[in-house]
Amino acid sequence: WVLLVGFVVSLGGTVLGLRLAFGSVESVDPSQKATVLAASISRAMAFTAAGLVLDAVVFVVLLVVALR
């Protein structure tokens with residue numbers, strides 16, 4: 001269950017980050033939209049990667065504990 005919760009939180013963070021990314025573009029000068037959007041999407045993907053790495057670490061720890 002721990003891995004499932006971690007995955008759902010990671011996925012939820014991605015979706016929320018992308019929503020915020022596209023929402024932030026509305027109030028930006030048109031010449032800056034691509035820059036702001038790219039930075040926001042990059043941040044959302046970084047959080048996704050961090051969540052997946054955390055899930056992998058938890059998986060390995062649970063596997064080691066289960067095999068003892």
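The legends below describe close-up views of a predicted model. In this predicted model, local features need pLDDT of at least 70 and side-chain atom pairs count only at pLDDT 80 or more, while totals for chains, interfaces and linings use all residues. Residues are numbered from 1 along each chain as its sequence is written, and side-chain values use heavy atoms, with hydrogens and water left out.

**View 1. Helix α1 spans residues 2-24.** Helices are DSSP runs of H or I with at least four residues, numbered from the N terminus. Helix α1 has 23 residues and reaches 32 Å from its first C-alpha to its last, close to the 33 Å expected at 1.5 Å a residue. The expected span is 1.5 Å times one less than the number of residues. S10, T14, G17 and A21 are the buried residues of α1; buried means under 20% relative accessible area, exposed over 50%, and partly exposed in between, with a 1.4 Å probe and protein chains only. These buried residues pack against α2.

**View 2. Helix α2 spans residues 33-66.** With 34 residues, α2 reaches 49 Å from its first C-alpha to its last, close to the 50 Å expected at 1.5 Å a residue. Its buried residues are S40, A44, T48, G51 and D55, and what covers them includes α1.

**View 3. D55 is a buried residue of α2.** D55 has no salt bridge, and R43, the nearest side chain of opposite charge, is 20 Å away. A salt bridge is a side-chain nitrogen of Lys or Arg within 4 Å of a carboxyl oxygen of Asp or Glu. For charge, Lys and Arg count as positive and Asp and Glu as negative, while His and the chain ends are not counted. Leaving aside neighbours within four places in sequence, D55 is in contact (heavy atoms within 4.5 Å) with L3, G6 and F7.

**View 4. A nonpolar patch lies on the surface.** The patch is formed by L4, F7, V8, L11, V15 and L52, with about 540 Å² of accessible area together. Areas come from the Shrake-Rupley method with a 1.4 Å probe, and for residues only the protein chains shown count as cover. Patch residues have over 30% relative accessible area and no salt bridge; nonpolar side chains (Val, Leu, Ile, Met, Phe, Trp, Tyr) are joined within 5 Å, like charges within 9 Å. Helix α1 gives the largest share, five residues.

**View 5. L16 is in helix α1.** L16 counts as partly exposed because its relative accessibility is 49%. L16 and A46 are 30 residues apart in sequence and 13 Å apart in space, C-alpha to C-alpha.

Methods:
Helices (H or I, at least four residues) and strands (E, at least two) are DSSP runs, numbered from the N terminus.
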